[in-house]
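Me: Got a model open here and I'd like to talk through the fold. Can you take some questions on it?

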Amino acid sequence: MIAAARRLLEERGLAGLSMRSVAERLGVAPNALYTYVADKGALLDAVLDDLIAGIAVPEASIPPREAIETIMVDGFDALVRHPDLASVSLARQGSGGANAWRLGDTMLVAFDRLDVPDAASRVGLRILLSHMMGTAAFATQFDVRLGGNPHRAVAAHREDYVIALGWLLDGILR
């Protein structure tokens, strides 16, 4: 079901994704999907979490700041490869699925290794995720609407994203 939904998103965009279109793709009645997901929002959450599953947890030997940066840059890259999911991720404030928790917990452990207090690390995590989702959504939608080259826009926004990620981490780690 999730694979079918991802393919439909790639082929038709967000407007072409519905419970009915996924059911048609799978050759089942739409009500069969409700056994697995409550609604289109839950389906989108599952698709986002499936995308996040491809982001690896850095090896334990990696320095903690580098581990955080790696997860955040890999997350940005994953979102910009799927423009509809970038905007969905921002609108839904992330996934909330098991893979999102896995990466979030990994980042919290890295913050702990950097001696960032628990409350500050949780705020820092929210700030970093907002930065990632917002920049990915902006990068994938902004130039396209203006008729520009989306690949050039993403590359330029990625450079800015990495610079700002460093600034944010500098602030969190102070």
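This is a predicted model: local features need pLDDT of at least 70, side-chain atom pairs count only at pLDDT 80 or more; totals for chains, interfaces and linings use all residues.

Me: What does the secondary structure come to?
Reply: The protein chain has eight helices and zero strands. Along the sequence the pattern reads α-α-α-α-α-α-α-α. The radius of gyration is 17 Å, close to the 16 Å that the globule rule gives for 174 residues, so the chain is as compact as a globular protein of that length.

Me: And what box do the C-alpha atoms fill?
Reply: Roughly 55 × 40 × 25 Å, taken along the principal axes.

Me: How much of the chain is buried?
Reply: Of the 174 residues, 43% count as buried. The chain exposes about 9300 Å², and carbon and sulfur atoms supply 56% of that area.

Me: Charges next. How far apart are the mean positions of the positive and negative ones?
Reply: They are 5 Å apart, for 17 positive and 21 negative charges.

Me: On to the inside. How many residues are in the largest nonpolar core?
Reply: That core has 45 residues, and those with the most contacts inside it are Leu-17, Val-22, Leu-43, Ile-68, Met-72, Leu-79 and Leu-128. The elements giving two or more residues to it are α1 (2-12), α2 (19-26), α3 (40-52), α4 (64-80), α5, α6 (98-113), α7 (118-145) and α8 (150-173).

Me: Which helix gives the largest share?
Reply: α4, with eight residues.

Me: Pick Leu-43. What is it in contact with, leaving aside neighbours within four places?
Reply: Leu-43 is in contact with Met-1, Ala-5, Leu-17, Met-19, Val-22 and Val-37. Among these partners, Leu-17 and Val-22 are also on the list of residues with the most contacts inside the core.

Me: Now α5. Which of its residues are buried?
Reply: In α5, residues 83-92, the buried ones are Leu-85, Ala-86, Val-88 and Ser-89. As background, an α-helix has 3.6 residues a turn, so residues three or four places apart point the same way.

Me: Is Ala-91 buried or exposed?
Reply: Ala-91, also in α5, is exposed, because its relative accessible area is 65% and the cut-off for exposed is over 50%. Its C-alpha atom is separated by 13 Å from that of Leu-14, 77 residues away along the chain.

Me: What comes after α5?
Reply: Gln-93 follows α5, and its phi is positive, near 55°. Most residues other than glycine have a negative phi.

Me: Where else is there a positive phi in a residue other than glycine?
Reply: At Asp-115, where phi is near 65°. Asp-115 lies in the loop between α6 and α7 and is exposed, with a relative accessible area of 67%.

Me: What about the loop between α4 and α5?
Reply: His-82 is found there. At 15% relative accessibility His-82 counts as buried, because the cut-off for buried is under 20%. Leaving aside neighbours within four places in sequence, His-82 is in contact with Arg-6, Glu-10 and Leu-51.

Me: Last one, Thr-135. Where is it, and what does it touch?
Reply: Thr-135 is in helix α7 and counts as buried at 15% relative accessibility. Not counting residues up to four places away in sequence, Thr-135 touches Phe-76, His-157 and Tyr-161.

Notes:
Residues are numbered from 1 along each chain as its sequence is written. Side-chain values use heavy atoms; hydrogens and water are left out. Buried means under 20% relative accessible area, exposed over 50%, partly exposed in between (1.4 Å probe, protein chains only). Helices (H or I, at least four residues) and strands (E, at least two) are DSSP runs, numbered from the N terminus. The radius of gyration is taken over C-alpha atoms; the globule rule is 2.2 Å times the number of residues to the power 0.38. Accessible areas come from the Shrake-Rupley method with a 1.4 Å probe; for residues, only the protein chains shown count as cover. Lys and Arg count as positive and Asp and Glu as negative; His and the chain ends are not counted. The place of a charge is taken as NZ of Lys, CZ of Arg, CG of Asp or CD of Glu. A nonpolar core is a set of buried Ala, Val, Leu, Ile, Met, Phe, Trp, Tyr and Cys residues joined through side-chain atoms within 4.5 Å. Contact means heavy atoms within 4.5 Å.
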